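Work through the following exercises with the model open. Each task is followed by a solution in steps.

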Amino acid sequence: MAGRKLKSASVPETEEKMQYHLRVKPGDVSRYVLVPGDPERVKRIASFWDKAWEVAHHREYLTYTGYYKGVLISATSTGIGSPSTAIAIEELARIGSDTFIRVGTTGALRKEIDIGDLIISTGAVRLEGTSKQYVTPEYPAVSSLDVTLALIEACEELGVRYHLGLTASTDSFYVGQERPGYKGYLPPFNKGLVDFLKSVGVLNFEMEAATIFTLANIYGLRAGSICAAIANRETEEFVVDAGVDDAIRAANEAVKILSEWDELRSIEGKKYISPSLIKKWFERRGY
Ligand code: URA
């Protein structure tokens with residue numbers, strides 16, 4: 001792309017709508033996109049698909065597309081944190097994707113959440129800064145009902161341990177999550193953060209869900225999040241990679257489920273997923 005003249009400084013894409021950061025264009029990706037932070041996790045997600053190919057790789061953004069159980073699916077890494085995540089959602093939305101599932105890792109705030117358990121977020125406390133550049137802090141960062149239900153159903157089918165509830169998204173892995181910074185630095189306003197968040201029902205820390213949910217709500221898109229608990233801030237355990245394969249399997253399966261619900265909604269002329277529609281879906285599946 002070096003030397004190419006883009007449409008304008010405000011719309012940094014080519015005439016074919018190739019996006020400046022992600023280097024993807026319409027037709028390259030599915031409407032369903034799994035969004036891990038780590039580019040290596042994109043390859044790992046795609047290793048569970050029937051067929052997969054690399055679409056683009058630029059900076060922290062690696063994109064694969066393929067088929068999972070016959071459903072067209074994509075995965076794009078967001079990099080760590082909210083600014084790069086917002087860029088990924090912006091550019092994927094511009095080329096037609098409308099459903100995003102974060103597949104991440106997380107630090108649990110509760111003793112009863114074991115290392116390797118999965119956490120599905122119903123909403124996220126917006127402790128990061130990016131979403132505040134889009135909308136006032138009172139605006140809720142909530143996940144989409146159908147994506148969240150599909151993640152729950154996927155976990156039930158796979159028989160993996162999961163928890164459902166509120167997440168806190170920060171811009172800082174260390175002091176922003178009340179871990180000591182270099183030389184033990186911790187600003188007074190972050191002292192007691194873990195206890196405070198626990199006291200108001202928050203389950204876990206991570207760094208991207210709030211931005212994904214906020215942008216999805218503003219733009220009328222759908223989003224959910226499933227994270228593997230690799231750390232527990234109560235028990236002080238930290239196990240690299242624990243539960244990540246389960247999170248990947250659940251997210252892939254949730255896309256298959258969502259695609260079936262989307263098809264059924266269109267057949268039945270329904271705008272929303274509902275218990276009665278899910279009952280029909282079970283009947284169709286022969287349950
Ligand atoms: N990711 C985070 O943001 N925090 C953790 O503790 C673990 C993963």
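**Exercise 1.** What does the accessible surface of the chain come to, and what percentage of it belongs to carbon and sulfur atoms?

*Solution.* The model is predicted: local features require pLDDT of at least 70 and side-chain atom pairs pLDDT 80 or more, while totals for chains, interfaces and linings use all residues. Residues are numbered from 1 along each chain as its sequence is written, and side-chain values use heavy atoms, without hydrogens and water. The accessible surface (Shrake-Rupley method, 1.4 Å probe) is about 12,900 Å². Carbon and sulfur atoms account for 54% of that area.

**Exercise 2.** Compare the radius of gyration of the chain with the value for a compact globule.

*Solution.* Step one: take the radius over C-alpha atoms and apply the globule rule, 2.2 Å times the number of residues to the power 0.38. Step two: for 287 residues the rule gives a value near 19 Å, and the chain has 19 Å, so the two agree. Step three: the C-alpha atoms fill a box of roughly 55 × 50 × 35 Å along the principal axes.

**Exercise 3.** Describe the secondary structure and the contacts of the chain.

*Solution.* DSSP runs (H or I of at least four residues for helices, E of at least two for strands, numbered from the N terminus) give seven helices and 10 strands. Next, take contacts (heavy atoms within 4.5 Å) between residues at least 6 apart in sequence: 71% of these join residues at least 24 apart.

**Exercise 4.** Which residues touch the most other members of the largest nonpolar core?

*Solution.* Start with burial: 54% of the 287 residues are buried, that is, under 20% relative accessible area with a 1.4 Å probe, protein chains only. A nonpolar core joins buried Ala, Val, Leu, Ile, Met, Phe, Trp, Tyr and Cys residues through side-chain atoms within 4.5 Å. The largest has 40 residues, and Leu34, Trp49, Ile101, Val103, Leu118, Ile226 and Trp261 touch the most other members. Helix 6 (residues 244–268) gives the most to this core, 11 residues. Apart from it lies another core of 23 residues, including Tyr61 and Leu221. Beyond four places in sequence, the contacts of Leu34 include Ile45, Ile73, Ile101, Val103 and Val255.

**Exercise 5.** Is Glu236 buried or exposed, and where is its place?

*Solution.* Glu236 is in the loop between strand 9 (222–232) and strand 10 (237–238). Its phi is positive, near 65 degrees. Most residues other than glycine have a negative phi. With a relative accessible area of 61%, Glu236 is exposed (over 50%).
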